[in-house]
Amino acid sequence: MAAEDAPGSQFPSRRTAEHVAIIMDGNGRWATQRGWPRLVGHRRGAERVKQIVRACPDLGIRWITIYAFSTENWKRSTEEVLGLMGIFARYIEREADRLSAEGVRMRFIGDRTRLDVKLQRLMAGIEARTSANTRLNLTVAINYGGRDEITRAAQRIAAQVAGGTLQAAEVDGEVMARALDTADLPDPDLVIRTSGETRISNFLLWQSAYAEYEFTQTLWPDFTIEELASILDRVAVRDRRFGAVSA
Ligand code: IPE
Ligand code: IPE
Ligand code: MG
């Protein structure tokens, strides 16, 4: 939950991560190791998303945020970019009904203005359709970059100040948080990155200030519900102090 919840509150140090964010990495390597095109790995990765998302409620996860495409991923070949966009579009199109029936609320973060207009409509449609669901919150980061998000938030706030609806001195952490794409999400408790890379690659820079981090060598298409459960167990016993001193 949000770091602001911690100071002075009855914040138990042992608790299940309710908001898990995942940097799903390693699809390309998974395919290359088998002599297959990278897109085969991305397709497998999308299958894995379905299984992991389905398991979340039973694991006590109420919010899951997944990194599907970064603002830097446009640097890849046109074939890979178009392939990734196609896989994403099919995923949300085909999964929408099932997710909705299972009580999943879907949201998207990132700058969608650069996405195909049809895709943008699809995204807005599923967000609206699932907005009353509460069992699980699935957020997909697409054309998402933490720096880009913070920059867009700064522009929004600057426009409010220029328009006279906000004083510069009123800009604080709360105003910032509300101007981000994640305005209605709690901060992640845990960020997991697969594939052995130990960097955050521009993911949730503001929001994960006090998140726990877990890095696993497992490539995303091989990531299992069992591994997720064991990571959650490991993280649950950590003492999250948020800058304070343990009770
Ligand atoms: C993660 O897998 C998916 C995206 C970044 C879209 P990669 O495609 O980065 O896989 P590797 O890191 O090359 O193995
Ligand atoms: C991060 O993975 C982005 C996503 C998982 C969508 P990358 O594979 O793009 O990150 P780098 O290039 O290894 O830092
Ligand atoms: Mg990668």
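**Notebook: the two ligand sites**

I began with the shell around ligand 2 and found that its largest share, 3 residues, comes from strand β2, residues 63-70, where strands are DSSP runs of E with at least two residues and helices are runs of H or I with at least four, numbered from the N terminus. I note that this is a predicted model, in which local features need pLDDT of at least 70 and side-chain atom pairs count only at pLDDT 80 or more, while totals for chains, interfaces and linings use all residues. Residues are numbered from 1 along each chain as its sequence is written, chains are lettered from A and ligands numbered from 1 in the order in which they are written, and side-chain values use heavy atoms, with hydrogens and water left out.

**Ligand 2**

I listed the residues around ligand 2 (a heavy atom within 4 Å) as Ile23, Met24, Asp25, Tyr67, Ala68, Phe69, Asn73, Arg76, Arg193, Arg199 and Ser201. By class I recorded 5 nonpolar, 2 polar and 4 charged residues in this shell, with Ala, Val, Leu, Ile, Met, Phe, Trp, Tyr, Cys and Pro taken as nonpolar, Asp, Glu, Lys and Arg as charged, and the others, Gly among them, as polar.

I then looked up polar contacts (pairs of N or O atoms within 3.5 Å): an oxygen atom of ligand 2 lies 2.9 Å from a polar side-chain atom of Asn73, and a polar side-chain atom of Arg76 is 3.2 Å from an oxygen atom of this ligand. For Asp25, the distance from a side-chain N or O atom to an oxygen atom of ligand 2 is 3.2 Å. The protein buries 78% of the 390 Å² that ligand 2 exposes when taken alone (Shrake-Rupley method, 1.4 Å probe).

**Ligand 1**

Which residues come nearest to ligand 1? Of the 13 around it, I noted Asp25, Gly28, Arg29, Arg38 and Arg76. Helix α1 (27-32) gives the largest share of this shell, 3 residues, and α1, α2 (38-55) and α3 (78-101) each supply at least two. The classes here are 3 nonpolar, 5 polar and 5 charged.

From Asn27 I found a backbone N or O atom 3.2 Å from an oxygen atom of ligand 1. On its own ligand 1 has 380 Å² of accessible area, of which the protein covers 87%.

Terms used
A polar contact is a pair of N or O atoms within 3.5 Å; within protein, one must be able to donate a hydrogen and the other to accept it, and residues adjacent in sequence count only if both atoms are side-chain atoms.
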